[in-house]
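Hello,

Here is the structure I promised to hand over. Please open it first, then read my notes below.

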Amino acid sequence: MIELEGLTKRYGTKIAVDHLSFQVRPGVVTGFLGPNGAGKSTTMRMMLDLDNPTSGTVRIDGKHYRELQEPLKYIGALLDAKAMHGGRSAYNNLLCLAQSNRIPASRVGEVLDLVGLTPVARKKSKGFSLGMGQRLGIASALLGDPEILMFDEPVNGLDPEGIHWIRNLMKALAGEGRTIFVSSHLMSEMALTADHLIVIGQGKLLADTSMADFIQQNSRSYVRLRSPEQERLRDVLHANGFIAIESGNGTLEVDGATTEKLGELAGANQIVLHELSSQRASLEEAFMQMTAGAVEYHAHGTDVHGAAPAPGPRWGSISEGD
Amino acid sequence: MTAPTHHHAPAPHAYVSPIPVRRAHLGDALASEWTKIRSVRSTMWTLGVMILLMFGIGLGVAAIASASEAPMGEESALGFGFFGMLPASICVITLGVLTIASEYGTGMIRTTLTACPSRARVLTAKAIVFFLLVFTVTTVVGAIVGAGQVALVDTAGTPTGAEWLRATVGAGAYLAMLGLLSMALGALIRHSAGAITVMIGLLLLPLVAALFMFSEALKSVQEWLFTYAIPSQMIALYAAQPPFGEDGPAGWEPLLIMTGAAGIALAGAYALMNSRDV
């Protein structure tokens with residue numbers, strides 16, 4: 001269990017993290033979501049006592065991080081994959097960490113095996129690919145077999161096989177009753193792994209909800225209709241109690257109806273339909289809407305003629321650079 | 001054990017690791033730092049080069065002195081150790097800075113401090129491991145080179161026990177303390193190249209500046225620099241009487257001065273590491 005209370009970090013006049021309060025509960029994967037620069041990494045660094053909060057506290061099982069006797073046995077963290085000395089072998093990088101927390105040296109071999117790095121255990125870690133570095137970082141997080149695990153953007157730069165592996169690993173770890181806290185700027189990734197969701201934007205808490213609730217509240221389903229006789233179709237829909245909203249490109253959108261019902265209605269009135277489809281707003285859109293006012297870095301020059309998507313970052317392929 | 005009578009769902013049980021949690025202490029941090037220092041190649045390189053320089057230059061100078069057959073009076077041949085010690089100090093400075101600054105450079109420091117949140121314990125463990133390593137190596141090498149020098153130069157006086165002690169343990173401790181000063185500077189500056197540059201400047205520039213102080217008005221500054229520049233103090237370490245200025249340090253005094261400097265710098269590093277974001 002991790003508890004944040006009024007956590008604030010100020011750099012000069014800029015507030016990176018603004019009175020964040022939430023709890024990370026055991027037994028589930030908690031997703032920590034926010035646009036680039038929202039303060040996710042800063043929050044995680046404060047949770048690990050690497051950065052000092054301007055105000056507020058973080059408690060891990062009721063204790064401050066510095067009060068933990070052998071922290072690796074409580075909490076394992078993957079901050080950035082390259083937080084290792086490149087001139088040292090994977091084995092020695094893990095061994096020195098194990099020794100500082102009195103973890104038996106045999107455990108180093110175990111975690112290397114678990115992440116699949118045994119064949120390169122004696123190789124210098126600077127020659128590792130991004131995926132191998134990420135696996136080494138995960139091995140260091142698992143070293144103390146901790147109850148709490150924190151991963152900052154763990155799928156960044158991984159190939160599909162690696163992403164699949166991390167997703168399953170996190171679910172398995174949560175299944176053992178561990179607390180898993182994982183950050184991402186990709187809603188789609190979170191939708192696949194997280195049970196609980198914490199969304200921040202510009203350092204402020206925007207949502208603290210279960211994934212199921214978030215999906216239910218934010219994924220609007222509607223029926224899209226297109227017809228050469230749009231005016232008449234709209235009148236017929238209105239006459240039958242459906243509210244049709246014009247969505248541009250000559251299409252109508254109707255909430256709270258089925259395609260069957262609307263199709264039959266059009267047929268009964270002999271209206272030609274060019275399209276009749278069931279639509280579902282993506283979680284990505286819901287997330288973008290939620291954080292639209294809280295995006296730190298906008299891409300400029302894309303808002304001409306209304307053809308481009310709304311200004312704001314595109315979620316999908318940009319990796320977080322902080 | 002009786003069956004529970006209430007029917008609400010049990011709270012999700014938290015994971016309990018089979019690895020027992022004990023109170024980690026400085027000894028664990030020492031083991032960790034020893035693994036770190038022995039498992040990077042820069043340690044072997046800097047110490048290897050240092051040993052070569054101490055042997056090559058120390059014995060080379062002694063060989064030249066021996067060939068010249070100029071009488072040296074009471075002076076012992078151990079003093080030639082200085083010529084090996086000066087270049088060796090550059091290696092020690094490099095290793096001292098790298099011991100901590102490389103962690104900042106690679107990002108390893110975040111992993112280190114996550115594993116051991118006590119900044120004081122991390123810094124103390126690094127200081128102890130580094131000091132013992134450098135002290136042991138330089139003392140042993142200093143003893144072997146000293147024996148070679150005494151054997152080579154037969155025109156020199158026989159060194160006393162005190163001279164032997166200063167040329168071995170004294171020189172070893174002096175270099176290790178200079179290394180600790182470098183380590184503290186590495187922790188303060190957090191940048192390898194920057195800290196090494198500053199330390200080499202501190203080692204050599206005062207003496208170079210003093211060489212060019214021809215003006216009478218700067219006489220007192222020049223004398224002070226000649227007396228207290230680090231190379232001058234290294235020479236003083238081998239001498240029973242102050243070699244520069246009447247009140248200058250001699251014998252064990254340079255070691256005391258360097259220990260004080262390293263202590264102050266380390267205290268600054270402790271304070272800053274505790275308050276600073278990583």
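**What I found**

Five bridges link strand E6 (residues 148–152) of chain A to E7(A), and the two strands run parallel. One pairing to look for is Asp152(A), whose bridge partner in E7(A) is Ser183(A). Keep in mind that this is a predicted model.

E7(A) also pairs with another strand. Strand E3 (residues 29–33) of chain A is joined to E7(A) by five bridges. These two strands run parallel as well. Here, Val29(A) stands opposite Ile180(A) of E7(A).

Next, look at how the chain gets from E6(A) to E7(A). Helix H5 (residues 160–175) of chain A forms a β-α-β unit with E6(A) and E7(A). The unit is right-handed.

Is strand E7 of chain A enclosed or open? It spans residues 179–184, and six of its six residues are buried, so the rest of the structure largely encloses it. Check both faces. On one side, Thr179(A), Phe181(A) and Ser183(A) are buried.

Now turn to where the chains meet. Chain A puts 43 residues into the contact, and chain B puts in 34. Which helix gives the largest share of chain A's side? That is helix H2 (residues 90–100) of chain A, with six residues. By class, chain A's side of the contact with chain B has 16 nonpolar, 14 polar and 13 charged residues.

Best wishes

Terms used: Residues are numbered from 1 along each chain as its sequence is written. Chains are lettered from A and ligands numbered from 1 in the order in which they are written. This is a predicted model: local features need pLDDT of at least 70, side-chain atom pairs count only at pLDDT 80 or more; totals for chains, interfaces and linings use all residues. A residue is buried if 20 or more other C-beta atoms lie within 10 Å of its own, exposed if 12 or fewer, and partly exposed in between; C-beta atoms are placed from the backbone. Helices (H or I, at least four residues) and strands (E, at least two) are DSSP runs, numbered from the N terminus. Two strands pair if DSSP finds at least two bridges between them. A crossover is right-handed if, with the strands pointing away from the viewer, the path from the first strand over the helix to the second runs clockwise. Two residues are in contact if their C-beta atoms, placed from the backbone, lie within 7 Å. Ala, Val, Leu, Ile, Met, Phe, Trp, Tyr, Cys and Pro count as nonpolar, Asp, Glu, Lys and Arg as charged, and the others, Gly among them, as polar.
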